[in-house]
Amino acid sequence: MLTDKIARARQAKRQNFLRLIAFGCAALLLLALVFFFSSYSPSDPEQPVATEQSETAAPPQPSDSTATPAGDSEVRESYLEAYAHYQNILRPQLDEIDIKSWDKALSERLQQGEADAIDAFSAGDYGKANSTMKALNTLAETTLENSRQAFTEAMTNAEQAYDALDYNRARLEADKALMHKAEDEAAQQLSAKIEQIPQLASLEKAINVARVENNLARELALINDLLQIDSEREAMKQRAASLRNQLAANRYEQHIARGYRAVDAGDLSAAKTALNQARQLYPDRTENQQLASAITELESQLVYDSSVAAAQAAQQADNWQSAVKQWQQALQQRPADKTISDNLARAERIVSLQQQMQALLANPQRLSNELVKSKAEIALIQGEPLRGASPSLNAAANKVRDSMNAANKPVTVEVISDGETAISVRGVGVVGTTRAKTIELKPGTYQFEGKRQGYKSKIVEVTIPLDTASYQVSIVADERI
């Protein structure tokens, strides 16, 4: 419809332009003829002398009986100016209006007025031609002003109808506007937008249904679809912003609630995920700190529970060093928990006793030393109440006791010599000169020294093992000085 009107308007404009050229040529020809006859000289011998009768046969004068020849020239010039104004200024603007569709009678009046003015001028009736032309200009200017007002009114009505999604009224008013300004860009754009009214109306209906159903997400999605078509609907933009805020608030509350459910279920990972999602929406809400505190408490509880369980498992496995580490972690979470501190102290004591027992067993012969023996006896006494909790400590204590008994049980040592070497045991006593002599020594390491006149002294270091009934040592100083 719009394309056809624009095509018709352009065709009419071309026709009027051609008509204007034709009229201009005719006017120029007429002016040339008038100039020719006005300058004609009667000195031509063949030209008949004008008589009184010939004067009465002259062309009819304009209806204005008072006009003089000079006045005719002025009226003619006034007509030509009015005609030029109409053709150059008013007529192109009129051609942009579909006057026949708007007001057929007005269109005919304009055409008739132009024809009458030209006919009067062609007949030499300049006064009539001038007055007719001026009346035509006045009518044209009035027509243009009325057209502008009608265009503005039609555009306003079309906009209102479009906003109300009233397709029929909007289409009618837009067509009226295009009737007055077919080339107007705003009118063309509005006309195109009006064709989207059925789709917009369908979306608005669906939006209202979603709103009644309180389906905020669907309502927002539909509004976004509508704004893709018409982004200037302010009410819908405001509603979309409100829905986005409301949905964000709902999601935030859901994240917080899910975080607390995860805390109650002991799911630390899910709780942290929910907190991060909530912070992304509203970083500064106090609910974030509250949930974070609950998560911190849960994390502490989980570490505590895990450490206690691991410590107890380590104790069951007689792995007291691991138990110490786990009780220490548990105590970090509950510094005032006396049960944890008592368990830690017991585990540390067992580990310490185990280390002492292992050190004693690394060199059991030293248990024959009174100082070492005294330390071993103290360790055995301290470990007595704990041996039932640790099989390894109990076994080590038994082994230390056995080793201590063995280390302090005398062993029969037979000393063999040549009967000339004086033998002694450093730090213990003198054996004397003998070929064979039996003495008693506790298990351990000893240095036997043999001396003989004229010979170098000889030292023999021997280690008397545990759990042996007898031992033999041979020493002779047989290297001369």
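I began with the contact between two helices: Q199, L200, L203, E204, A206, I207, A210 and R211 in α9 meet R218, E219, L222, I223, D225, L226 and I229 in α10. I took contact as heavy atoms within 4.5 Å. By class I have nine nonpolar, one polar and five charged residues in this contact. Here Ala, Val, Leu, Ile, Met, Phe, Trp, Tyr, Cys and Pro count as nonpolar, Asp, Glu, Lys and Arg as charged, and the others, Gly among them, as polar.

Note on the source: this is a predicted model, in which local features need pLDDT of at least 70 and side-chain atom pairs count only at pLDDT 80 or more, while totals for chains, interfaces and linings use all residues. Residues are numbered from 1 along each chain as its sequence is written, and side-chain values use heavy atoms, with hydrogens and water left out.

Next, the geometry. I find α9 (residues 197-212) and α10 (residues 216-229) packed at an angle of about 160°, axes 9 Å apart. Axes are lines fitted to C-alpha atoms, for helices over the stretch in contact, and angles run from 0 to 180 degrees between N-to-C directions. Helices are DSSP runs of H or I, at least four residues, numbered from the N terminus. α9 and α10 are therefore roughly antiparallel (angles over 145 degrees). The crossing of α9 over α10 is left-handed, that is, the near helix is turned anticlockwise from the far one by less than a right angle.

I then looked up α12 (residues 268-281) and α13 (residues 286-316), which pack at about 165° with axes 10 Å apart. These two are therefore also roughly antiparallel to each other. α12 passes α13 in a left-handed crossing. On the α12 side the contact includes L268, A271 and L275, and on the α13 side L291, I295 and L302 are among the residues. The contact of α12 with α13 divides into nine nonpolar, one polar and three charged residues.

Helix lengths. α13 has 31 residues and reaches 45 Å from first C-alpha to last, close to the 45 Å expected; the expected span is 1.5 Å times one less than the number of residues. Just after α13, D318 has a positive phi of about 60°. For α6 (residues 126-163), the 38 residues should span 56 Å, and the end C-alpha atoms are 54 Å apart, which agrees. L165 follows α6 with a positive phi near 55°.

Last, aromatic pairs: a search of the whole structure gave four, with ring centres within 6.5 Å as the criterion for Phe, Tyr and Trp (its six-membered ring). Y79 and F121 have ring centres 4.5 Å apart and planes at 15°, so I logged the pair as stacked (planes under 30 degrees apart). Y79 lies in α3 (residues 69-95) and F121 in α5 (residues 104-122), so the pair ties together parts 42 residues apart in sequence.

Note on methods: Angles under 35 degrees count as roughly parallel, over 145 as roughly antiparallel, 65 to 115 as roughly perpendicular and the rest as oblique. Rings of Phe, Tyr and Trp (its six-membered ring) pair if their centres lie within 6.5 Å; planes under 30 degrees apart count as stacked, over 60 as edge-to-face and the rest as tilted.
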